[in-house]
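Please look over the sequence and the model shown below.

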Amino acid sequence: MIKISPSILSADFSKLGEEIKNIDQAGAEMVHIDVMDGHFVPNLTIGAPVIAALRKITTKIFDVHLMVENPQDYVVSFAKAGTDIFTFHIETAPHVHRIIQNIKENNMKVGIALNPGTPLTTINEILDDIDMVLLMTVNPGFGGQKFIPSVLKKIKELKEMIRARNLNIDIQVDGGINKVTAPQVVAAGANILVAGSAIYGSDNIAKSIEDLRK
Ligand SMILES: O=C(CO)[C@H](O)[C@H](O)COP(=O)(O)O
């Protein structure tokens, strides 16, 4: 089954609570929360206090994507704030196995994100220990960018790695996902679609979510 995780990066931040209720009622399975530190990516967004406030609004899965240096420093505070899936970038984590253990000890699911230029070999040794791989289909930092088609081959290769090892791991994609690119990433093997502009830029949020799911 395809799951939709709307990225609130494209929501109207002046009414964030309302924007989250909208995607909740429209049938999204998750809420994708982009955390940026101005170092790993050239943009700043939100942190644990905002996530804790939003946690009161919905029971949907909080799918939190940390585009930050030193992600290990945020495990405990993000768990307390109500994070369900803690996704960090492999490019930021020399002690990746230690962070994975720490995330699990704090009762969150583990996601690992890869930039478009980062090869799958970087996660070969820890694939058995994680719940989700996030393949970025744009360079992280901003919403509204153009989908990078060369990632389709990487999605297929990851799907094959997972199948060959008989693992149960979600493949999430993020960046430039819309009605045109969604069928391509799903055909390649992705099962969780993150979308910001395609959902929040639409006049009919429920329809845009269903269009992506189809
Ligand atoms: O992680 C992100 C950017 O780093 C965003 O989630 C992503 O770009 C979604 O926005 P859009 O669907 O508009 O491309």
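This is a predicted model: local features need pLDDT of at least 70, side-chain atom pairs count only at pLDDT 80 or more; totals for chains, interfaces and linings use all residues.

Against which elements do the buried residues of H4 pack? They pack against H3, strand S4 (85-89) and strand S5 (109-114). Contact here means that the C-beta atoms of two residues, placed from the backbone, lie within 7 Å.

Residues are numbered from 1 along each chain as its sequence is written.

Helix H4 covers residues 96-105, and Val-96, Ile-99 and Ile-103 in it are buried. They lie on the same side of H4, because the arc they cover around the axis is only 60°. That arc is taken from the directions that run from the helix axis to the C-beta atoms. An α-helix has 3.6 residues a turn, so residues three or four places apart point the same way. The face of H4 turned away from the buried side carries the exposed residues His-97, Arg-98 and Glu-105. A residue counts as buried if 20 or more other C-beta atoms lie within 10 Å of its own, as exposed if 12 or fewer do, and as partly exposed in between, with C-beta atoms placed from the backbone. After H4 comes Asn-107, which has a positive phi, near 60°.

The protein chain as a whole has 8 helices and 8 strands. Along the principal axes, the C-alpha atoms fill a box of roughly 45 × 35 × 30 Å. Of the 214 residues, 40% count as buried. Among contacts between residues at least 6 apart in sequence, 63% join residues at least 24 apart.

The ligand is surrounded by 22 residues, and the closest are Ser-7, Pro-140, Gly-143, Gly-196 and Ser-197. A residue is near a molecule if its C-beta atom, placed from the backbone, lies within 6 Å of it. Strand S2 (30-36), strand S8 (192-195) and helix H7 (197-200) each supply at least two residues of this shell. By type, the shell holds 8 nonpolar, 12 polar and 2 charged residues. In this division Ala, Val, Leu, Ile, Met, Phe, Trp, Tyr, Cys and Pro are nonpolar, Asp, Glu, Lys and Arg are charged, and the others, Gly among them, are polar.

In an unreviewed entry, UniProt lists His-32, Asp-34, His-65 and Asp-174 under "binding site". These positions are spread over 143 residues of sequence, yet they cluster in space, with a largest C-alpha distance of 10.6 Å. UniProt positions are given in the numbering used here, feature names are shortened, and annotations may be inferred rather than shown by experiment. The unreviewed entry also places a "binding site" feature at a set of positions including Ser-7, His-65, Asp-174, Gly-176 and Ser-197.

His-32 is buried because 28 other C-beta atoms lie within 10 Å. Leaving aside residues up to four places away in sequence, the contacts of His-32 include Ser-7, Asp-63, His-65 and Val-194. Asp-34 counts as buried because it has 24 C-beta neighbours inside 10 Å. Beyond four places in sequence, Asp-34 is in contact with Ser-7, Leu-9, Thr-45, His-65 and Met-67.

Asp-174 is found in strand S7 (residues 170-174). It has 28 C-beta neighbours inside 10 Å and therefore counts as buried. Setting aside neighbours within four places in sequence, Asp-174 is in contact with Leu-134, Met-136, Thr-137 and Val-194. Gly-176 lies in the loop between S7 and helix H6 (181-188). With 23 C-beta neighbours inside 10 Å, Gly-176 is also buried.

Conventions. Helices (H or I, at least four residues) and strands (E, at least two) are DSSP runs, numbered from the N terminus.
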